[in-house]
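Subject: Structure handover

Hello,

My notes follow below it.

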Amino acid sequence: MADDYLVRIGKLIRDARQHRGWTQSQLAEALGTSQSAVNRIERGNQNISLEMIARIGEALDSEIVSLGYAGPMHLRVVGGRRLSGAIDVKTSKNACVALLCASLLNEGRTVLRRVARIEEVYRLLEVLSSIGVRTRWINDGVDLEIVPSAELNLASIDADAARRTRSIIMFLGPLLHRMDHFKLPYAGGCDLGTRTIEPHMIALRRFGLDIAATEGQYHARVDRAVSPDRPIVLTERGDTVTENALLAAARHDGITVIRNASSNYMVQDLCFFLEALGVKVDGIGTTTLTVHGVPTIDVDVDYSPSEDPVEAMSLVAAAVVTESQLTVRRVPIEFLEIELAVLEEMGLDHDRTPEYFADNGRTRLVDLTVRPSKLEAPIDKIHPMPFPGLNIDNVPFFAAIAAVAQGKTLIHDWVYDNRAIYLTDLNRLGGRLQLLDPHRVLVEGPTRWRAAEMMCPPALRPAVVVLLAMMAAEGTSVLRNVYVINRGYEDLAERLNSVGAQIETFRDI
């Protein structure tokens with residue numbers, strides 16, 4: 001029991017240190033102790049006094065323990081405030097997690113620039129560290145260095161961290177080249193209904209991977225005699241499915257053709273990264289990818305993932321819902337053009353700068369200025385499609401936007417089993433949303449938002465939509481247990497505060 005307590009305290013300290021962007025050596029120096037002592041503390045292998053816990057908390061500017069348990073994080077929102085000024089879009093969450101998985105392909109040193117400091121990334125770093133991969137934040141915690149070990153120890157995997165992220169499924173593609181059999185915990189993430197891994201398996205079986213799912217784990221075996229002898233046709237044009245197929249093809253000694261591939265932003269970023277590793281990929285941005293795999297990858301690579309179009313859409317929606325003039329900088333315009341075309345038809349007043357390139361030298365960016373507008377409900381329904389259609393992750397933001405528009409808007413969120421249900425949480429804040437079935441919701445506007453206290457929906461984008469509505473509602477609202485938002489957004493409350501919002505982070509005592 002005491003050992004379990006020390007392990008839990010150690011994990012809290014490790015998380016706080018990583019969030020601060022410190023190495024174990026930096027924390028040791030601040031405490032006047034050794035790096036090995038910090039390592040033992042974080043692994044739960046050393047007794048630790050309350051005084052030392054307090055010193056660590058002060059050094060990391062983090063309350064490690066509060067009455068034994070700090071409790072979940074909440075947001076207190078004073079709404080009805082106009083936003084102004086400019087805000088930058090952070091790097092892509094989904095690209096960053098794909099690149100972390102892809103780093104397992106490389107036997108050399110990988111440096112990823114301006115990695116999103118989000119819970120999803122932290123969970124993957126915990127998993128990578130637990131199996132022997134060396135990771136550390138460098139350049140004042142802005143960039144991330146990754147050095148895989150020669151041998152990975154899957155037996156010591158941090159199962160708790162793995163189960164809190166669905167991205168763990170993208171370990172399958174790289175790992176099938178490194179070991180003949182291994183186990184991974186079931187994938188987790190947002191609560192968006194039933195999502196099987198069968199589309200992944202249809203692609204990965206062509207590389208000899210076979211999986212049996214029992215006792216909360218995927219039991220994987222690889223038959224080295226099996227390799228793709230014809231093009232792989234994906235049964236689902238999914239982003240992570242395409243990424244897993246790319247990761248498997250990257251170290252396959254031969255040419256792999258992937259058809260019905262996603263050409264979405266995170267897939268393109270992964271392709272650019274693979275090219276930096278020496279893997280030639282033809283057809284980037286199309287639905288047919290031809291991968292010229294190399295059996296061994298051992299290079300020192302430095303790569304800058306591009307900005308996140310879904311975060312950009314979040315910030316645009318924040319301006320629209322709060323009737324504000326706001327400049328959103330570094331918007332990956334190629335992946336937001338359909339959304340902006342729909343908003344233009346609804347009456348959005350905005351302009352954009354000439355295009356310029358992201359740090360990866362490939363993705364096109366603009367700065368976008370949104371102004372207060374009188375919106376009308378669109379004539380056609382809002383529904384997602386694989387890229388280049390309206391992004392699946394951007395659909396929820398149209399629920400909040402439609403709520404401030406004149407008229408009725410039909411939103412058809414056909415991809416996920418129950419995400420549309422979470423959008424009806426806006427009714428608690430004064431919205432008029434009618435759920436027609438688990439996939440369709442009818443939104444009537446305009447809305448007179450009102451403050452409320454409520455639990456955060458268990459899905460990332462609907463949770464942010466609720467936060468945006470609270471920002472528009474006069475009075476003080478409380479959004480409880482916002483871990484899901486921190487999974488996908490870096491310091492969102494603080495960044496919104498920088499352009500005029502009033503959001504306070506707090507925990508229960």
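Please note that this is a predicted model.

Helix H6
H6 covers residues 119-130, 12 residues in total. From first C-alpha to last, H6 reaches 16 Å, close to the 16 Å expected at 1.5 Å a residue. The helix is mostly covered, with 11 of its 12 residues buried. Just after H6, Gly132 takes a positive phi of about 110°.

The sheet
Four strands make an open sheet with mixed pairing, in the order S21-S22-S1-S23. S21 (453-455) and S23 (503-507) are the edge strands. Each has a single partner strand, so one side of each lacks a neighbour in the sheet. From one strand to the next, the twist averages 20°. Inside the order, S1 (residues 73-79) pairs with S22 (residues 475-480) over five bridges, in the antiparallel sense. Val77 stands opposite Ser477 in S22.

Cysteines
How many disulfides are there? The count is zero, with sulfur atoms required to lie within 2.5 Å. Take Cys271: the closest cysteine sulfur is in Cys101, 15 Å away, and that is too far for a bond. Cys271 counts as buried because its relative accessibility is 1%, against a cut-off of under 20%. Cys456 is buried too, with a relative accessible area of 11%.

Best wishes

Key
Residues are numbered from 1 along each chain as its sequence is written. This is a predicted model: local features need pLDDT of at least 70, side-chain atom pairs count only at pLDDT 80 or more; totals for chains, interfaces and linings use all residues. Side-chain values use heavy atoms; hydrogens and water are left out. Helices (H or I, at least four residues) and strands (E, at least two) are DSSP runs, numbered from the N terminus. The expected span of a helix is 1.5 Å times one less than its number of residues. Buried means under 20% relative accessible area, exposed over 50%, partly exposed in between (1.4 Å probe, protein chains only). Two strands pair if DSSP finds at least two bridges between them. Axes are lines fitted to C-alpha atoms, for helices over the stretch in contact, and angles run from 0 to 180 degrees between N-to-C directions.
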